[in-house]
Amino acid sequence: MAGIDIPVNADSHEAGISEPVKPFMGPMVVDMRKEPGSTNFYFYQNTEGQVVFCLTPDPPVWGIDNRATSIFLPMIARRMIKIMPMLANLKVRRTWRGQYPNTPDGFPIIGKMKELDNFYQAVGMCGQGFMLGPGTAELLYRLMTDTYDPDDAEVLKSFDPYRDFKGQEMFK
Ligand SMILES: Cc1cc2nc3c(=O)[nH]c(=O)nc-3n(C[C@H](O)[C@H](O)[C@H](O)COP(=O)(O)OP(=O)(O)OC[C@H]3O[C@@H](n4cnc5c(N)ncnc54)[C@H](O)[C@@H]3O)c2cc1C
């Protein structure tokens, strides 16, 4: 964009949602173990009682094809029921596919660009864009108004658009 190369690539992930049922789950369940065809997966019950679930395919599926596959549901259903057998009785309402805007090191890119005047980036939120959105907006505001503090400067270091992208998220 604007003649600047941004190291963000579309990484396809599928998710699904069940019918609503009475609350029965506490915190979100995240399983970091690898199985054939997938790495980590997670599920949680939302405030409407629906169980939302998502899985990371292995190997990754790059690109912007949004068609749901027939592989996802049997794969994640098997993994979820293994952890919580009562989920076998749950009816799935729908599944969908979208993209994680992934960076090579799994961290977002947030900062002021040197190539253009007053051009800031806040991209590459990977699989955490909804969670990071509000904090990112506040951080950007402080960056743009030159009111950021030493803590912000520390955070911005890991998101620097000019870093070498050789690091990795700790849990990986
Ligand atoms: C199945 C699935 C489950 C997810 N679950 C979660 C979750 O539970 N929690 C969470 O925090 N995150 C989750 N995410 C990740 C989250 O969706 C992303 O991190 C977030 O959408 C990124 O927001 P964004 O605005 O940075 O990028 P995007 O949502 O990708 O928006 C970028 C926009 O820019 C447009 N665009 C691209 N190129 C150009 C161009 N050259 N000119 C103009 N416009 C352009 C695109 O069309 C798009 O509308 C999930 C993603 C998927 C696919």
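Predicted model: local features only at pLDDT ≥ 70, side-chain atom pairs only at ≥ 80, totals over all residues.
Along its principal axes, the chain's C-alpha atoms fill a box of roughly 55 × 30 × 25 Å. Of the 172 residues, 13% count as buried.

The domain assignment divides the protein chain into domain 1 (9-100) and domain 2 (109-158). The centres of domain 1 and domain 2, taken over C-alpha atoms, are separated by 30 Å.

Three residues of α1, namely F72, I76 and M80, are buried. They cover an arc of only 35 degrees around the axis, so they sit on the same side of α1. The general rule behind such a pattern is that an α-helix has 3.6 residues a turn, so residues three or four places apart point the same way. The cover over the buried residues of α1 includes β1, β3 (38-45), β4 (50-57) and β6. On the face of α1 turned away from the buried side, one finds the exposed residues P74, R78 and K82.

Attention can now turn to the ligand. It is surrounded by 16 residues, and the closest are A15, G98, M125, G129 and F130. Elements giving two or more residues to this shell are β1 (9-20), β6 (92-102) and α2 (129-144). Of the elements, β6 gives the most, with 4 residues. Because both domain 1 (9-100) and domain 2 (109-158) give residues to the shell, the ligand lies between them.

A last stop is E115, found in the loop between β7 (109-112) and β8 (120-123). A residue counts as exposed if 12 or fewer other C-beta atoms lie within 10 Å of its own; E115 has 9 within that distance, and is therefore exposed. Between E115 and I83 there are 32 residues of separation in sequence and 50 Å in space, C-alpha to C-alpha.

Key. Residues numbered from 1 in each chain as written. Buried ≥ 20, exposed ≤ 12 C-beta atoms within 10 Å, placed from the backbone. Near = placed C-beta within 6 Å. Domains from an automatic or database assignment. Arc of directions from axis to C-beta. Contact = placed C-beta atoms within 7 Å.
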